[in-house]
Amino acid sequence: MLLIFLRRFLFMGLSIFIVVTFIFLLVHLVPGDPVLQMLGEGAQPADVEQLRHALGLDQPVYVQYFHYVHNLLRGNLGTSFRYQEPVLRTLLRRYPATMELSLASLLLALLFSIPAGVQAAVKSNTGQDRWISFFSLLGLSLPNFALGPLLILLFSIQLMWFPVSGIGGLRHLVLPAVTLGLGLAAVTTRMVRSAMLEELSQDYLRTALSKGLSRRTVLYKHALKNSLIPIVTVVGLQFGNLLAGTFVTESIFSWPGIGRLTLQAIQFRDYPLVQGCILAIAVTYIGVNFLTDLAYLLVDPRIRME
Amino acid sequence: MMFLRVMFQNNRLALFSAGFVVLLIVVAVFAGWISPYDPAVQDLASRLNGPSNAHWLGSDELGRDVLSRVIYGTRISITVSVAVMLVSFLIGCYLGAIGGYFNGSLDQILNIVLINSFMAFPGVLLAIAFIAFLGPGLSRLILALCLIGWIGFARLARGQFLKTREMDFVTAARASGASSARVILIHMVPNTIQPIVVQACLGMANTILAEATLSFLGLGVPPPAPSWGSMLSDGRIHLFDAPHLVVFPAAAVMLAVLAFNFLGDALRDFFDTRGPKL
């Protein structure tokens with residue numbers, strides 16, 4: 001088990017190394033001179049040279065890379081031009097809002113999709129199953145940039161139940177969380193349904209029922225528990241999409257998280273901040289995948305025994 | 001024609017979706033003839049008008065016809081998706097087939113280094129990162145989406161070729177002296193292509209969604225080109241006074257994505273040989 005943990009941990013380290021290298025190379029993708037792009041065409045040559053030196057772009061690429069990695073290891077992600085403060089400080093201020101939104105969406109998606117998926121499997125090939133399948137495909141096809149404005153139109157403008165935008169209490173969280181979580185709920189519902197269908201044909205469930213256990217206990221404590229591996233995989237992988245979805249959702253609802261910060265940084269050509277934001281989201285994604293791998297160890301004793 | 005009849009038998013939804021996909025392609029190709037107005041022509045006298053006889057889907061904040069913009073948006077969406085799918089299909093299948101068939105050090109490099117590197121990012125984030133530094137534009141958008149599109153094809157093709165290379169008919173072809181290229185193209189491709197076709201169809205839906213997402217974020221096709229995503233983004237400001245600016249482009253994205261998803265599901269069911277079909 002320790003070996004599996006170490007292997008996964010090493011793989012996580014390799015992934016982070018790849019991400020860091022890619023993010024470093026991004027600045028070198030900028031067509032023309034990145035410093036001129038940041039300062040604008042009319043910049044004074046002295047300012048250009050000063051910024052070029054400050055960014056280390058006047059040195060050979062391998063030296064720049066070494067400095068970049070060295071600074072990262074010390075927690076130095078550079079200085080944001082727009083906010084005139086260390087990128088790490090800006091990220092730490094915005095990161096909790098993104099996590100709050102992502103975790104609320106995840107919770108909402110699981111609360112909806114697990115009972116819906118179980119119900120669709122139990123009532124497979126009936127009208128109820130077809131409706132659940134239809135709605136999950138609809139949820140999969142409805143992009144969050146379309147859903148968000150439609151929810152605002154209905155629940156904020158027409159019914160006035162929830163605020164249009166901003167961060168605050170629970171009422172502010174509902175519409176962004178639904179917007180972000182719908183896609184995940186749709187995918188998970190389909191996954192729970194197919195995993196449960198596989199499990200429902202197993203003999204041990206009939207035994208459990210014949211022993212007098214309630215239907216609810218058999219479904220949720222026996223069948224669902226054994227269907228968890230594919231579900232955990234999908235939820236783990238889909239969390240990446242959830243993080244990518246924060247760009248749109250935070251932008252629609254003016255949610256002050258990293259997604260919106262990235263877009264603002266792109267708009268202002270604040271490249272160190274863009275690099276920091278992408279790094280933060282990618283590292284979170286890799287971290288979630290690592291936790292997903294560890295979750296296998298918890299839900300499947302066979303993996304622990306390997 | 002026989003396979004179409006079998007595929008759509010008892011599956012009205014798939015038939016309807018296939019019809020809608022054909023309609024999308026026709027609209028994209030003949031946008032210039034179908035569109036009632038030039039999508040870029042402004043008419044400030046009729047700005048933010050709701051649906052009427054003159055403008056069936058209303059007009060936007062610059063008085064441009066929403067229907068014409070939705071029609072031209074179809075052209076952008078379909079062009080980008082087809083281009084991305086073609087390039088991703090060719091690159092992904094080529095690398096996947098070579099990796100899966102030869103299964104040597106090249107495969108290790110492909111699988112461990114290339115595929116895992118790209119999978120370390122959530123898909124859209126990679127495209128956003130790429131465009132953030134390269135700048136927006138149609139060709140850059142296609143390039144960014146290809147960057148994330150080829151991975152799915154490469155993984156699938158690799159898996160299919162790894163499985164098929166062990167089969168007897170491949171051994172027989174090799175034993176009869178066929179070259180590797182002949183074994184791959186003539187013998188293995190026809191036996192591995194079906195799930196890849198399904199992936200391409202579902203990939204069209206994902207690419208339409210990704211294109212619209214990037215355009216919504218201002219990282220897609222630059223204005224005044226009408227993209228469904230940028231139309232939605234512009235329309236958000238007028239959510240209170242002109243909701244039609246959001247509803248119609250949103251419906252266009254949703255229906256296009258739904259149609260390709262339903263068609264992909266139908267193709268998967270059709271190619272799935274388990275159980276009776278005829």
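Chain B and chain A bury about 3,600 Å² between them, with carbon and sulfur atoms accounting for 83% of that area; buried area here is the accessible area (1.4 Å probe) lost by two parts on being put together, summed over both. The model is predicted: local features need pLDDT of at least 70, side-chain atom pairs count only at pLDDT 80 or more, and totals for chains, interfaces and linings use all residues. Residues are numbered from 1 along each chain as its sequence is written, chains are lettered from A in the order in which they are written, and side-chain values use heavy atoms, without hydrogens and water.

The contact (heavy atoms within 4.5 Å) draws 42 residues from chain A and 38 residues from chain B. Across this interface the rule finds 1 salt bridge, defined as a side-chain nitrogen of Lys or Arg within 4 Å of a carboxyl oxygen of Asp or Glu. It joins the side chains of A:Arg190 and B:Asp265 (3.6 Å, N to O). On the side of chain B that touches chain A, helices H5 (105-119), H6 (123-134), H9 (180-216) and H11 (244-271) of chain B each supply at least two residues. H11(B) gives the most, with 11 residues.

The largest nonpolar core comprises 158 residues, and those with the most contacts inside it include A:Phe145, A:Ile278 and B:Phe133. Such a core is a set of buried (under 20% relative accessible area, 1.4 Å probe, protein chains only) Ala, Val, Leu, Ile, Met, Phe, Trp, Tyr and Cys residues joined through side-chain atoms within 4.5 Å. A:Ile278 touches A:Ile23, A:Leu26, B:Phe121, B:Leu125, B:Ala129 and B:Phe133, not counting residues up to four places away in sequence.

Key:
Helix = DSSP H or I, 4+ residues; strand = E, 2+ residues; numbered from the N terminus. Buried < 20%, exposed > 50% of the residue type's maximum accessible area, 1.4 Å probe, protein only.
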